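Welcome! Take a moment to look over the sequence and the model, and then we can walk through them together.

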Amino acid sequence: MPNIGTLALDPAVTAKGFQSPTNLVQAKDGRVWVTEQAGRVWVFGGIHGDNAPVMAALDITDRVSSRRTEEGLLGMALDPTDERRLYLYYSTADPRRSIVSRFIISPDHASADRDSELVILEVEQPFANHNGGQIAFGPDGYLYIGLGDGGAAGDPQGHGQDVSTLLGTILRIDVSQATRERRYAIPADNPFIDAPETRGRGEIWAYGLRNPWRFSFDRDTGALWAGDVGQNRWEEIDFIERGGNYGWNVLEGSHCFAVGDGCEQEGMTPPVWEYSLSGEPCSVIGGYVYRGTRIPWLNGTYVYGDFCSGKVFGLRYEDGKVTGHEQLADTGLRIVSFAEDNDGELYLLSQKSGIYRLTN
């Protein structure tokens, strides 16, 4: 890998005027969909060029609760088998819960119908933080959903190690035949589907996560990577596998979380990488394995960032171990998310400063 500071940021035209963008997804036809935390969805003709829309493609701000920092319209995915199906993950109130819904996009792909909403999944949230929020279709065609432990500090309700709850997990469900009568199905090879009732929810793919804010699939290998936000000592990068237990709240990263309360680690999967929260870092922002062509030396590198420091890092993972790790850029931005376009190029979404393409 190259030395520190080798990446730059190229402002995309689509960055203009956004208020807290949270997701960017490019459709097969080249159109770009962008979400704002408050509950608006925008669509553009492309990532670069004069593609500014006149109005939002979908506005559900009246349904979305974004009063707290970690609430709002947090996730978005387009169905790869039918890109007129738009899936959103958002927070709502009274009662507080997270919702995954499907909306239908208009025939001209310029807007989505508010009244077409089909609620796929609702999960009660005991607190306003640790909502997770990432949704993505895997290479297997199933929808993956990231849920935090339910919030507060230290996982006071013990959700991380409780597979009878959907909190503190990454879920895997089949929405291909979703109707109002049957919102989703559980894939037959999910790890808990054939287990006794006491062993766990069938929707769970992996658990023991504190707040898997952003995860992604390597477009070449299908591997699932996640950035799991830590408490106040360690941030972690995880290689997510079927049925994996990633330790929270017994562990924070690879370290015992509650000293004196026991730290039995049998059966738990340690992170691929972790970093200390001493100094300016505060929250890992999971990214993508780079598979583009504009930055050849970056190919195969997992690129991620940190919300507070604004730094971007690259991690090499080969044959089951980390073989390299470098700081790639110091942006000075509040990094909220990363995105990948149809060509495998990567983008950085900043809370207040817009959207940028990573470049040499």
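Is Ser283 buried or exposed? Ser283 counts as buried because its relative accessibility is 15%, where buried means under 20% relative accessible area, exposed means over 50% and partly exposed lies in between (1.4 Å probe, protein chains only). Before going further, please note that this is a predicted model, in which local features need pLDDT of at least 70, side-chain atom pairs count only at pLDDT 80 or more, and totals for chains, interfaces and linings use all residues. Residues are numbered from 1 along each chain as its sequence is written, and side-chain values use heavy atoms, with hydrogens and water left out.

You will find Ser283 in the loop that links strand S19 (273-276) to strand S20 (284-289); strands (E, at least two residues) and helices (H or I, at least four) are DSSP runs, numbered from the N terminus. Leaving aside residues up to four places away in sequence, Ser283 touches Val229, Glu235, Tyr275, Leu277, Gly305, Asp306 and Phe307, a contact being heavy atoms within 4.5 Å. Asp228 is 55 residues away from Ser283 along the chain, yet their C-alpha atoms are separated by 8.6 Å.

Now step back to the whole protein. There are 26 strands and 0 helices. The radius of gyration is 19 Å, which agrees with the value near 21 Å that a compact globule of 360 residues would have; this radius is taken over C-alpha atoms, and the globule rule is 2.2 Å times the number of residues to the power 0.38. Along the principal axes, the C-alpha atoms fill a box of roughly 60 × 55 × 35 Å. Of the 360 residues, 58% count as buried. Among contacts between residues at least 6 apart in sequence, 55% join residues at least 24 apart.

The backbone also has some details to look for. The peptide bond from Asp94 to Pro95 is cis, with omega near 0°, and Pro95 sits in the loop between strand S7 (85-92) and strand S8 (97-104). Another cis peptide bond runs from Trp248 to Asn249, with omega near 5°; Asn249 belongs to the loop between strand S16 (234-240) and strand S17 (251-252).

Ser20, a residue other than glycine, has a positive phi near 55°, and its loop lies between strand S1 (8-11) and strand S2 (21-26). With a relative accessible area of 23%, Ser20 is partly exposed. Asp319 is not a glycine either, but has a positive phi of about 55°. Asp319 is exposed, at 80% relative accessible area, in the loop between strand S22 (311-318) and strand S23 (321-330).
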